[in-house]
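Dear colleague,

My notes on what was found in it follow directly after.

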Amino acid sequence: MNSVRASNVSRRPRRVSRPRPVQPERNHQERGNVNEDVPADMVAEESGPGAQNSPYQLRRKSLPKRTVCPTKTNMEGASTSTTDNFGHRPKRPRVSGKCQDLPAAPAEQYLQEKLPDEVVLKIFSYLLEQDLCRAACVCKRFSELANDPILWKRLYMEVFEYTRPMMHPEAGKFYQINPEEYEQPNPWKESFQQLYKGAHVKPGFAEHFYSNPARYKGRDNMFYYDTIEDALGGGQEPHFDGLIFVHSGIYTDEWIYIESPITMIGAAPGKVAEKVIIENTRDSTFVFMEGSEDAYVGYMTIRFNPDDKSAQHHNAHHCLEITVNCSPIIDHCIIRSTCTVGSAVCVSGQGACPTIKHCNISDCENVGLYITDHAQGIYEDNEISNNALAGIWVKNHGNPIIRRNHIHHGRDVGVFTFDHGMGYFESCNIHRNRIAGFEVKAYANPTVVRCEIHHGQTGGIYVHEKGRGQFIENKIYANNFAGVWITSNSDPTIRGNAIFNGNQGGVYIFGDGRGLIEGNDIYGNALAGIQIRTNSCPIVRHNKIHDGQHGGIYVHEKGQGVIEENEVYSNTLAGVWVTTGSTPVLRRNRIHSGKQVGVYFYDNGHGVLEDNDIYNHMYSGVQIRTGSNPKIRRNKIWGGQNGGILVYNSGEKQRISNFFL
């Protein structure tokens, strides 16, 4: 045994060829503790012959006291293996080619495992975001505590001011959430990561930032500016990715011309857009130019408030001006203009194609939204109200998509399309405007689908001066005048609508009006469901016209038209009136259950009545009087309580092969 030990001793110094400095001599108690942890054979070596020269003596002194890892009863998941008797230790530098893992020091162990959560959280509350992320890498417990939502909420509100997290999952998309309802545990941190690289604008920000470098240490990816113009000019900064936060305040008369794909968003507590106000008194507040294809502006109030409200700058100055070949996103903005000669928002020119959504365009002294000169764009979920002229103008081949907008209480018309204006209008709520809810003029040709047009102070839809358009599956009701007016050589398509409870008629066609009136449900109107007069000549087919407080269809003053395959019933007066030189063709209609006569020709009413089913009227099925002379053929006329056909007072008829019961 001695020879073996001697041999071992002779070899071991090569393993400690670079010994560390010897630590000071420990007291007897420390030695006793160390010996308790050192294997028995090592202790025996040191106490035997040659112990003073043993390399173990040097190694033992250079090693700190090992700390036994808590048992499984004290720390969930602790190992019971004899090879895992020590707690997790940070790795030390390599010695003699072998990695030496040393145990955690007692202070480190106390900090990581025994210090109360409240104390650790208090310490963490003094850290900025990057230091907090580094602390989370230390151990599992620190990771959990460093991700505490309260810590991140404080940091988040300090940087961004929002009282609810602003999520930014992809370019051009921002929305605030209720943190209690969010599926992830820490939306404050998630939003912080999404918004981290950006420029911040607020008066006095830059001076405060540069005069307090220690306070902002570690925020190298953030930039601070006093004005929006300065932030826009800072686009050449190496880490700037085009995101600009405009903080609470009023920013006046800045020249904001955007010709790059920047993102500019308001940052404030509470209702963000109300607290970030950008105003100009001399020029358009925002101008988007070619190159701003993917720009974003959101969550702020944009105002144009000229000192001289009547200055002669027709259509030159606006809150928002969007020009050719650009397609910015305008989101959650409040837009106001007190200028009497320019719209609040002007979109003009080929390739102008913005997305404007969730905005409030109201209380403006001219038009709210003006789309012209081949401009397009998507306009969704906006509030457009109380504007001096139309809520929306579409002109000169403008062709927007307008969905789910609330257009109401305008001091003029709700929507005005004219001079070849077009557009697709879907699911809008248009009501309580002073003139018509929707006006079409001068070769305009919009498509209006599934909108509600109601409570207009005059009419619902007004198509005139060669206007066209398709009005499909809308609800048109409770308007003071007719639900639909068609006049002066206009030729729209009115299909599949519900037109009801108007304070006058349902559809009023006059002054050489035309059009296709097809598949509508027309009921409960104070005057006739459909009125045709003064040389108008529409096609009226497949409609239900019923329960009117007056007649069903009223054709007078040389009215014409083809009226076929309709169901006309339960009206208070005649199902169909034809009078004063009118000559319609009534073909294959079901006219029944009226409270007076079925079809009434009088005062030189003429026309053709053929292949109709006319029955169950309180008076006769057909009455002809005072110079009227219709052609009546192949009709079924039955169930009238006062006869089938009644001719009197110089009335005439050309009666051919009718069937009577």
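In these notes a residue is called buried if its relative accessible area is under 20%, exposed if it is over 50%, and partly exposed in between, with a 1.4 Å probe and protein chains only. Please bear in mind that this is a predicted model, in which local features need pLDDT of at least 70 and side-chain atom pairs count only at pLDDT 80 or more, whereas totals for chains, interfaces and linings use all residues. Residues are numbered from 1 along each chain as its sequence is written, and side-chain values use heavy atoms, with hydrogens and water left out.

I begin with two backbone details. Asparagine 616 counts as partly exposed, at 37% relative accessibility, and has a positive phi near 60° although it is a residue other than glycine. Asparagine 616 sits in the loop between strand 51 (613-615) and strand 52 (622-625), where helices (H or I, at least four residues) and strands (E, at least two) are DSSP runs numbered from the N terminus. Arginine 450, which is not a glycine either, has a positive phi of about 55°; this residue belongs to the loop between strand 29 (447-449) and strand 30 (452-454), and is partly exposed with a relative accessible area of 41%. For context, most residues other than glycine have a negative phi.

Next come the salt bridges, each being a side-chain nitrogen of Lys or Arg within 4 Å of a carboxyl oxygen of Asp or Glu. The structure holds 25 of them. In one, the side chains of arginine 141 and aspartate 117 meet at 2.8 Å, N to O; because arginine 141 lies in helix 8 (residues 140-146) and aspartate 117 in helix 6 (residues 117-124), this pair ties together parts that are 24 residues apart in sequence. Arginine 141 is buried, at 18% relative accessible area, whereas aspartate 117 is partly exposed, at 36%. Another salt bridge joins glutamate 158 to arginine 154, with the closest N and O atoms 3.9 Å apart, and both residues lie in helix 9 (residues 149-160), four residues apart, or about one turn of the helix. There is also a network of salt bridges that links Glu564, Glu565, Arg587, Arg588, Glu610, Asp611, Arg633 and Arg634.

Turning to the interior, a nonpolar core is here a set of buried Ala, Val, Leu, Ile, Met, Phe, Trp, Tyr and Cys residues joined through side-chain atoms within 4.5 Å. The largest such core has 128 residues, and those with the most contacts inside it are Tyr162, Phe286, Phe288, Val297, Met300 and Phe438. Its largest share, six residues, comes from helix 9. Domain 1 (113-196) and domain 2 (198-247), whose bounds come from an automatic or database domain assignment, both give residues to this core, so it lies between them.

Finally, the axes of helix 9 and helix 10 (residues 187-195) come within 8 Å and cross at roughly 35°, the axes being lines fitted to C-alpha atoms over the stretch in contact, with angles that run from 0 to 180 degrees between N-to-C directions. Contact means heavy atoms within 4.5 Å, and the residues that make it include Trp152, Tyr156 and Phe160 of helix 9 and Trp188, Phe192 and Leu195 of helix 10.

With best wishes
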